[in-house]
Structures are given as C-alpha cells and as structure tokens.
Amino acid sequence: MNTTTTNTSPAAPSALVTHPDQVSTPMHDKLLAVADDSHVIGEFLDWLPTRDLHLGTPSEDGERLHFAHPDIEKLLAAFFGIDLGVLEAEKQALLAAQRALNDSATGDTTRSGQ
C-alpha cells in the first residue's frame, strides 16, 4: 500500500477567513473518514502485547528479532495516508479563524497580529 503523502500545508487564514467553516480541512476530512477503522486497528495493536505478541524487526543477519516500539499514532497515520504536519497546520488555521471570529464578536483587536 502506498502511504506517501503530499506535504502541502493549508494557507494561513487571511483577513478574509473570518469563520472556522471557511477553513479548508482535507486532512481532517480524511481522518474523519477513517476514524472508526483507525480506532479498531489501534486497539488491536494495543491488545497484541497482552497475548505476548509483539511487533519486531529482524536483525541484519536475520537470526534474531528485535522488538519494535512504533508510535501507534504515526503508524496509523502513515497507513491511512494522513500527513500529521498538514493536520497540525489545519488545526492552527481553524484556531486562528475561531480567534478572529471571537475577536470580531467582542471588538477585541489586540490579537490581530497573531
């Protein structure tokens, strides 16, 4: 399965983005679409060690197996083609849009440079 993701960040919210609904979130949309499957697979990966089953990688000579301790969030993200960097950029864009909305509702302009 190809897990290569495109490292494109959403544009930072401009003055025209005044509501979180105006922020494009394709990576969040993708995450939402696979959330149920990702949760089940994550639970399964967490369950394996309770049965003395562990993920491992072979040694260079192939004679031994070394326990692998993958970051399950990163492993699942790679499997489902979720770019965590883009996901974080989308979160920041949503937060900035929400702050702008809050500030416009209260007349607060002190955060306009953030």
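What is the relative accessible area of Thr 57?

A: The relative accessible area of Thr 57 is 41%, so Thr 57 counts as partly exposed; with a 1.4 Å probe and protein chains only, buried is under 20% relative accessible area, exposed is over 50%, and partly exposed is in between. Bear in mind that this is a predicted model, where local features need pLDDT of at least 70 and side-chain atom pairs count only at pLDDT 80 or more, while totals for chains, interfaces and linings use all residues. Numbering runs from 1 along each chain as its sequence is written, and side-chain values use heavy atoms, with hydrogens and water left out.

Thr 57 sits in strand S1, residues 56-58. Setting aside residues up to four places away in sequence, Thr 57 touches Arg 64, Leu 65, His 66 and Ala 68, where contact means heavy atoms within 4.5 Å. Phe 67 is 10 residues along the chain from Thr 57, and their C-alpha atoms are 6.5 Å apart.

Now step back to the whole chain. It has 3 helices and 2 strands, in the order α-β-β-α-α along the sequence; these are DSSP runs numbered from the N terminus, with helices (H or I) of at least four residues and strands (E) of at least two. Of the 114 residues, 20% are buried. Take the contacts between residues at least 6 apart in sequence, and 70% of them join residues at least 24 apart.

On to the helices. The axes of H1 and H2 come within 10 Å and cross at roughly 130 degrees; axes are lines fitted to C-alpha atoms, for helices over the stretch in contact, and angles run from 0 to 180 degrees between N-to-C directions. That makes H1 oblique to H2, given that under 35 degrees is roughly parallel, over 145 roughly antiparallel, 65 to 115 roughly perpendicular and the rest oblique. H1 brings Lys 30, Val 34, Asp 37, Ser 38, Ile 41, Gly 42, Leu 45 and Asp 46 to this contact, and H2 brings Ile 72, Leu 75, Leu 76, Phe 79 and Phe 80. By class that is 8 nonpolar, 2 polar and 3 charged residues; nonpolar covers Ala, Val, Leu, Ile, Met, Phe, Trp, Tyr, Cys and Pro, charged covers Asp, Glu, Lys and Arg, and the others, Gly among them, are polar.

With H3, the H1 axis comes within 8 Å and the crossing is roughly 115 degrees, so H1 is roughly perpendicular to H3. Here Pro 26, Met 27, His 28 and Leu 31 of H1 meet Val 86, Leu 87, Glu 90 and Lys 91 of H3, which gives 5 nonpolar, 1 polar and 2 charged residues.

The largest nonpolar core has 8 residues: Met 27, Val 34, Leu 76, Ala 77, Phe 80, Ile 82, Val 86 and Leu 87. A core here is a set of buried Ala, Val, Leu, Ile, Met, Phe, Trp, Tyr and Cys residues joined through side-chain atoms within 4.5 Å. H1 (26-47), H2 (72-80) and H3 (84-106) each give two or more residues to this core, and H2 has the largest share with 3. Within that set, Leu 87 contacts Met 27 and Ile 82, and also His 28 and Leu 31, leaving aside neighbours within four places in sequence.

Last stop: Thr 25, in the segment before H1. At 15% relative accessibility, Thr 25 counts as buried, and beyond neighbours within four places in sequence it is in contact with Glu 90 and Leu 94.
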